[in-house]
Amino acid sequence: MKFTAAGDALIQRRIHDTFEGLDEIAPFVEKGDARFFNLETTLNYEGDAPGGQFSGGTYVRCNPECLDDMMMFGFNMTSFNNNHAFDFGHEGFLQTLDYVNESGIVHSGTGMNLDEASAPKFLETKNGRVALIAVNTSFNPAMMAGIQGRRTPGRPGINGIRLDEHFTVTPEELEFIKSFATKTGINVSKEITRKEGYYPELADGEAEFGIYRFKAGEKTKRHLTPNKADMARLQKAIYEASMQADYIMVSIHSHQITGELKEQVPDFLEEICHAAIDMGANAVIGHGPHLLRPVEVYKDSPIFYCLGDFVLELYSIEFAPEDFYEKQSLTSSDTVHDLLKKRSANFTRGLMEDMRMMQTVIPYWETEGGKLTKLEFLPIELVKNGNKSEEGLPRIAKNLEFMEYFAKISEPYGVKMKYDEKAGVYTCQW
């Protein structure tokens, strides 16, 4: 079987059908039987949905026709299980779900309840049946879908993998935290309700400071551990898909950073991706931090820890909720131009000003019996200083310096890349 994939499509306006990037990129995308991208926006018309109480950072939306534009590239699978799914509240989420359902594109990771959101969805191709399961580690807790009860309906939302966070500290540091918590009174309310039975008792060698939990240990370190129940739900979905599909893909949206570099793969993310393959998945497609992270071949299966941005249109907002203005000490009487100008410090900082966010790849891979036999990357760069109608849209890259760095960070994961000048792609060995 053959596959292609792309990272985040943070799309907020129509793509004109004469855009040259379509003719450049669509033939490569269409080489795959299954062709996935992450839909990082909400689909609704102006005035149809109020701004959400929280957002993924920027309140993003586009008219539903934008999904048709993405499908012009040849994509036939997607997910909007990401941190922007509730940018326009409950209404915006349900509208997006309706529009994606109506489009006919295969999608996973969202639904009217947790069972629906976590279920594998299937793509029929001439070379086999492909299952897609989508999970997310970067979300507001209110976005999580709810379980369908016998007498109560489930809650619409996303299929999340919660991260249990705690810190290990030295015994001396633990005593300081306890003392500081007592002096500040930060835990008073929680301790009272704990005595009333609403919170579990702390074990010996544990302390809390507000929302943070600390344990005595030999080394001071932050720990992010995938929630066991959520991982069991992923395993169940993969198990179910294994009976129905020839190939299983897991999409994972994850923003968390635990190292000194944004490109560095957090331990918990590696743990989730390896576990997904161990459970029976054949590929993991990562996205979230808007830049390239390493690729790994684990047990003859590709793991793309982050594929970066395929479309990035943060400067294409036509209107914004009042909450967005308030974050910048402005009001909706100000212009969107003023809003984005202030947040970006006069357009000198942010994702749109960081070239790493404009450099990405489209992987193409082939498999035999579910095992990887071929892997190559098409280098892509997003339009930065072109016409406004093309800003943030993908073209085949001309400057390939970023590929050297991508190859460098992937080598520790056992993947080596070589440029095929004639084909214009990077071929991989592992």
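**Terms and source.** I call a residue buried under 20% relative accessible area, exposed over 50%, and partly exposed in between, with a 1.4 Å probe and protein chains only. The model is predicted, so I take local features only at pLDDT of at least 70 and side-chain atom pairs only at pLDDT 80 or more, while totals for chains, interfaces and linings use all residues. Residues are numbered from 1 along each chain as its sequence is written, and side-chain values use heavy atoms, with hydrogens and water left out.

Entry 1: I began with Glu 191, which is partly exposed at a relative accessible area of 29%. Arg 194 is buried, at 4%. I then checked for a salt bridge (a side-chain nitrogen of Lys or Arg within 4 Å of a carboxyl oxygen of Asp or Glu). Glu 191 and Arg 194 form one, with the closest N and O atoms 2.5 Å apart. Both residues lie in helix α6 (residues 188–195), 3 residues apart, about one turn of the helix. For helices I use DSSP runs of H or I, at least four residues; for strands, runs of E, at least two; numbering is from the N terminus.

**Entry 2: other salt bridges.** How many salt bridges does a search of the whole structure find? I got 19. One of them pairs Arg 14 with Asp 69, the closest N and O atoms being 2.6 Å apart. Arg 14 lies in the loop between β1 (2–10) and α1 (20–29), and Asp 69 in helix α2 (residues 65–72), so this pair ties together parts 55 residues apart in sequence. Arg 14 is partly exposed at 45% relative accessibility. Asp 69 is buried at 2%. I also noted Glu 124 with Arg 129, at 2.7 Å from N to O. Glu 124 is exposed at 54%, and Arg 129 is partly exposed at 22%.

**Entry 3: cysteines.** I searched for disulfides (pairs of cysteine sulfur atoms within 2.5 Å). The whole structure has 0. For Cys 66, the nearest cysteine sulfur is that of Cys 62, 3.3 Å away. Cys 66 is buried, with a relative accessible area of 1%. For Cys 273, the nearest cysteine sulfur belongs to Cys 306, 11 Å away. Cys 273 is buried too, at 2%.

**Entry 4: pockets.** I work on a 1 Å grid over the protein atoms alone; a pocket is an open set of points where a 1.4 Å probe fits, with protein on both sides within 12 Å along at least five of seven lines, and lining residues have an atom within 4 Å of a point. Points are joined across faces, edges and corners, and a volume is the space filled by probe spheres set on them.

The largest pocket has a volume of about 550 Å³. It is lined by 16 residues; Arg 162, Leu 163, Asp 164, Glu 165 and Ile 211 lie nearest its centre. β9 (163–169), β11 (212–216) and β12 (221–226) are the elements that give two or more residues to this lining. The largest share, 3 residues, comes from β9. I sorted residues into nonpolar (Ala, Val, Leu, Ile, Met, Phe, Trp, Tyr, Cys, Pro), charged (Asp, Glu, Lys, Arg) and polar (the others, Gly among them). The lining of the largest pocket has 6 nonpolar, 3 polar and 7 charged residues.

The second largest pocket has a volume of about 470 Å³. Of its 26 lining residues, Gly 56, Gly 57, Thr 58, His 84 and Leu 351 are the closest to its centre. By class, this lining has 10 nonpolar, 12 polar and 4 charged residues.
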